[in-house]
Amino acid sequence: MGALPVFRWHLAPDGYATRRQLRARDLRPGGQDVAAQLERPRRRRGPLIAYLYRVDLAKPVRPMTPARWAALAKANTARRTCPDCRRDAGYVIPPSLGMCVPCAYPEEPRNP
């Protein structure tokens, strides 16, 4: 395989799209290799690079099955469950705390 075609930022020809652009059209790369790349120059560092895929070779996204929905719900529930008190916090527990806010910062008695 030869070198990939390189395009400047915002100057890619029609028929190419990034993963996010494909997803916005309900498509996925579908196993195809990267077809080209975009480069956005930066002043003090190397350029930002975005990989492009051919739209005509893209496949539709796979539909969510009941089993996938169930697995996603289970994963989200695990992210909300505090490992200390085992209660559903009602929000995704921050990884920086590792537990719900009441467990991380229990109320301290105030001195009058």
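**Exercise 1. How many helices and how many strands are there in the protein?**

Solution. The model is predicted, with local features needing pLDDT of at least 70, side-chain atom pairs counting only at pLDDT 80 or more, and totals for chains, interfaces and linings using all residues. Residues are numbered from 1 along each chain as its sequence is written, and side-chain values use heavy atoms, without hydrogens and water.

Step 1: take helices as DSSP runs of H or I with at least four residues, and strands as E runs with at least two, numbered from the N terminus.
Step 2: the count is three helices and six strands.
Step 3: from the N terminus on, the order is β-β-α-β-β-β-β-α-α.

**Exercise 2. Compare the radius of gyration of the protein with that of a compact globule of 112 residues.**

Solution. Step 1: the radius is taken over C-alpha atoms, and the globule rule is 2.2 Å times the number of residues to the power 0.38.
Step 2: a compact globule would have a value near 13 Å, whereas the protein has 23 Å.
Step 3: the C-alpha trace spans about 70 × 45 × 25 Å along its principal axes.
Step 4: buried residues (under 20% relative accessible area; exposed is over 50%, partly exposed in between; 1.4 Å probe, protein chains only) make up 17% of the 112 residues.

**Exercise 3. Locate His 10 and Asp 26, and state whether each is buried or exposed.**

Solution. Step 1: His 10 is in the loop between β1 (6-8) and β2 (16-17), with a positive phi of about 70°. His 10 is exposed, at 72% relative accessibility.
Step 2: Asp 26 is in the loop between α1 (19-24) and β3 (27-28), with a positive phi of about 60°. Asp 26 is exposed, at 51% relative accessibility.
Step 3: most residues other than glycine have a negative phi.
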